[in-house]
Amino acid sequence: MMKITLFALAALAVVCALPQDTAQAQPPVQIVKQDSVVDVDGYNFEFETSDGTSRQEQGEYKNTTDQQGLSVKGSYKYTAPDGQQISVTFVADKNGYQPTENKDAPAQ
Ligand SMILES: *[C@@H]1O[C@H](CO)[C@@H](O)[C@H](O)[C@H]1NC(C)=O
C-alpha cells in the first residue's frame, strides 16, 4: 500500500512539473489557397497559408538559340522567427538563380 501511494505521489509530481504551455498554443496553420498547372511547355503553382506565408512560381520551357531549358520566375513571403517580414522575388534561368529581396514589403 505504501509503495502504491509513493508511486502515485511521484507520478503526480512528474505531471505537475511538466511545462504548462497551453497558453502559448497556436492554432494550426491552414492552407488558404493552392493552385497548380503542369504542362509540357511549363508549369505554375501558388499557395498561401493562414500564417501569411505565400509562394508562387511560373516555369517556361524554352528551346531557342538564346536558351534551352527552364526559365523560372517566382516570389515568396513569410514572417521570420524574429517577426521580420521577408519577401523575395526571383528569376532562375540560363543566368542562374537571381533573387531580389523586397526591402519595403508592406506588413500585413
Ligand atoms: C529544340 O530545338 C531544336 C532545333 O529546332 C530541335 O532539334 C530539338 O528537338 C528541340 N528540343 C526539344 C526538347 O524540343
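In the hairpin formed by strand 2 and strand 3, which leaves 4 residues between the strands, Gly52 adopts a positive phi near 90°. The model is a predicted one, in which local features need pLDDT of at least 70 and side-chain atom pairs count only at pLDDT 80 or more, whereas totals for chains, interfaces and linings use all residues. Residues are numbered from 1 along each chain as its sequence is written, and side-chain values use heavy atoms, with hydrogens and water left out.

Strand 2 (residues 42-49) and strand 3 (residues 54-63) run antiparallel and are joined by 7 bridges, with Arg55 of strand 3 as the bridge partner of Phe47; strands are DSSP runs of E with at least two residues, numbered from the N terminus, and two of them pair if DSSP finds at least two bridges between them. Strand 3 also pairs with strand 4 (residues 68-79), in the antiparallel sense and over 10 bridges, and these two strands form a hairpin with 4 residues between them. Within this pairing, Gln56 stands opposite Ser75 of strand 4.

Ser71, located in strand 4, is buried, with a relative accessible area of 12% (buried means under 20%, with a 1.4 Å probe and protein chains only). Leaving aside residues up to four places away in sequence, Ser71 touches Gln58, Gly59, Glu60, Lys62, Ala92 and Asp93, contact meaning heavy atoms within 4.5 Å.

An N or O atom in the side chain of Asn63 lies 2.4 Å from an oxygen atom of the ligand.

Methods
Polar contact = N/O pair within 3.5 Å; in protein donor to acceptor, adjacent residues only side chain to side chain. Buried < 20%, exposed > 50% of the residue type's maximum accessible area, 1.4 Å probe, protein only.
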